[in-house]
Amino acid sequence: MKFWLMGVSAVALLGGALAMGVAANADDRLAPGLSVAGVDVGGLTRAQALAAIGERTAATPQVTVRAGNQSWTLGADQLGWYADAETSVAAAARATAARTFLERVKGVIGQQQQQSFALVAAVDPAAAEAALATLTARLNTQPRNATVAFNKQTLKYAVTARDALGREYNAAAAASTYVAAPTATSIQIPVRELKARYTADVLQKYVDQGNALMRPFGATLAGTARKGLLTPLQVANLYWVRPQGIVADEAAIKRAFVLLTEFIDQPAQNARFAFKGDTPVKVREQAGRVTQNAAYTAFRATVLDSSTSSMTFLSKSVAPTLSAAQLPDASKLTLIHTGVSSYFHSSPERRTNVANAAAKINGAVVLADGTFSFLENLGGITAGNGFVGGLIISGGRTVGGLGGGVCQVSTTTFRALYGAGLPVLERNQHSYRVGYYEPQVGYEAAVYDPGLDLKFGNDTGGPLLIKTINNDAKSTLEVQLWGIPQGRTVTVGPAVILGRTAHPAPKYVVNPKMRPGTTRQVDWAADGYDLYITRTIEDASGVRSDKTSTTYKPWQAVYEVGPS
């Protein structure tokens with residue numbers, strides 16, 4: 001009985017101990033027999049297990065990264081890979097919770113089931129993407145557009161560089177793949193080809209269109225036999241071949257239209273005087289025919305259509321504004337004032353233009369209260385109007401151009417009208433101080449067709465007659481102003497210099513057509529000036545003064561030199 005009681009007590013004690021052991025596993029302690037990455041974590045809490053594992057990590061694998069023809073082999077930790085102890089311990093905790101009561105009892109009496117867990121790996125997405133982006137940064141390329149340019153030797157447009165594909169490596173996609181499979185030992189970075197916006201094949205079509213447009217283009221004025229022609233290069237100046245196609249140069253097209261109309265238009269001819277010796281003879285007026293403004297739209301469309309090489313401009317009749325019946329009795333006119341200038345050392349071309357321009361305005365008549373326009377009386381500064389090439393000021397340089405020397409006539413005319421006290425309606429200066437118009441500095445007027453005119457009003461109370469006297473042998477020009485007798489006195493004062501700016505240092509430009517070592521001056525230095533001239537007019541209305549200001553730019557000498 002005694003022994004039976006003792007046996008019962010032992011069993012009771014053992015059952016209590018088992019119950020206490022099993023109960024003990026009900027908290028967050030890991031079951032006996034569990035290990036993580038070779039570390040025994042049985043009986044430890046999660047926190048204790050993490051501390052026991054410490055900084056231990058699984059062996060860092062090597063990973064090969066490929067992008068196109070490039071490859072790199074590096075430690076996985078450089079790609080954001082890391083050992084995830086939290087996840088590994090969580091797996092051990094799940095195994096603990098899954099054990100049956102009997103398995104727990106066995107664990108209490110030392111018969112626990114042994115179970116090992118590897119250290120789980122993971123990848124930081126941001127770190128992986130950054131590392132892969134760094135590897136491929138130099139491999140990413142932007143697509144290269146094809147280019148087109150005008151060849152000055154062949155005088156044709158051509159594709160000057162072909163297009164090339166770009167490449168963009170998708171580090172983000174590769175990183176996402178690696179995050180999903182952190183045990184992978186190979187990563188392939190996908191690549192996307194980027195096409196150029198402008199390809200050589202497309203540009204070649206535009207080049208062909210642009211070169212086809214480069215043809216002679218003629219225009220005829222309706223109702224007349226007059227014809228004008230643009231050369232292929234003049235047409236080529238009306239547009240550009242660009243990557244986006246044929247681009248019209250609107251300003252150049254308008255200039256070309258004006259050029260053609262000036263050549264083919266027949267402006268009305270006002271009645272005027274011609275001189276037989278000193279005797280003025282009336283010349284009857286003539287109606288004219290000129291291009292309609294509406295013709296521009298058709299011209300713009302047609303000149304940029306390679307299938308057409310000519311067109312007819314719509315025209316309209318224009319009546320003269322001064323008839324022979326309105327011309328004054330020249331015998332009753334007296335000399336009011338004379339403008340004088342000298343053109344010594346002028347070239348033969350310049351002398352031709354001086355003589356032609358002087359003849360064009362000779363005999364012009366301005367009625368009382370009318371306006372004198374130099375360009376209107378001159379007609380267009382074109383070859384068809386008798387003008388030849390000469391030196392003109394254009395684009396900051398003294399260069400060859402049509403009509404050089406016309407300003408000699410406009411300057412002399414300015415002096416005649418200004419000295420007569422007529423109202424100045426438009427006067428333009430030259431860019432720099434020109435020796436031909438000395439010594440009366442600032443006492444000059446520039447004209448340019450189209451755009452820059454010389455205009456005066458007629459406030460004399462009667463008609464005005466302009467007479468020119470050109471003496472080529474003495475290189476002198478006179479412009480006389482005749483009208484009814486005037487009770488007017490005009491005094492023109494000398495130039496008042498407000499400031500002077502020294503000219504810049506000379507500029508040297510290589511001219512490959514010149515012999516090596518040779519030098520030729522093509523532009524001459526001139527100091528800049530800020531000045532004005534005044535005139536005082538005294539007549540029946542009283543005394544008044546006005547001022548004409550001029551600002552000359554400092555001008556540098558330019559030399560062309562042969563190649564070294």
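Please keep in mind that the model is predicted.

I begin with strand S13, which covers residues 217-221. Four of its five residues are buried, so the strand is largely enclosed by the rest of the structure. Which strands pair with S13, and in what sense? One partner is strand S14, residues 227-230, and that pairing is antiparallel, with four bridges. Within it, Thr220 has Lys227 of S14 as its bridge partner. The hairpin formed by S13 and S14 has five residues between the strands, and there Gly223 takes a positive phi near 85 degrees. Another partner is strand S20, residues 310-313; here the pairing with S13 is parallel, again over four bridges. In this case Leu221 finds its bridge partner in Phe313 of S20.

Next, I turn to an open sheet of three strands. Its order is S33-S37-S34, and the pairing is mixed. Why is one side of S33 and of S34 left without a neighbour in the sheet? Strand S33 (507-510) and strand S34 (519-523) stand at the edges and have a single partner strand each, so one side of each remains without a neighbour. From one strand to the next, the twist averages 30 degrees. S33 runs parallel to strand S37, residues 558-561, and four bridges join the two. Among the residues involved, Tyr508 has Tyr559 in S37 as its bridge partner.

For helix H11 (residues 348-361) and helix H13 (residues 406-419), the axes come within 7 Å and cross at roughly 45 degrees. Sorted by class, the contact of H11 with H13 comprises six nonpolar, three polar and one charged residues.

The loop between strand S27 (424-426) and strand S28 (455-457) contains His430. Is His430 buried or exposed? With a relative accessible area of 7%, His430 is buried, because the cut-off for that class is under 20%. The His430 side chain also makes a polar contact, at 2.7 Å, with the side chain of Glu444.

The remaining two residues concern backbone geometry. Most residues other than glycine have a negative phi. Leu155 is not a glycine, yet its phi is positive, at about 55 degrees. Leu155 lies in the loop between strand S8 (147-151) and strand S9 (156-161), and at 37% relative accessibility it counts as partly exposed. Ser475, also not a glycine, has a positive phi of about 55 degrees. Ser475 is placed in the loop between strand S29 (464-471) and strand S30 (476-483). Its relative accessible area is 2%, and Ser475 is therefore buried.

That concludes the presentation, and I thank you for your attention.

Key: Residues numbered from 1 in each chain as written. Predicted model: local features only at pLDDT ≥ 70, side-chain atom pairs only at ≥ 80, totals over all residues. Heavy atoms only, no water. Buried < 20%, exposed > 50% of the residue type's maximum accessible area, 1.4 Å probe, protein only. Pairing = 2+ DSSP bridges. Axes fitted to C-alpha atoms, helices over the stretch in contact; angles between N-to-C directions. Nonpolar A, V, L, I, M, F, W, Y, C, P; charged D, E, K, R; others polar. Polar contact = N/O pair within 3.5 Å; in protein donor to acceptor, adjacent residues only side chain to side chain.
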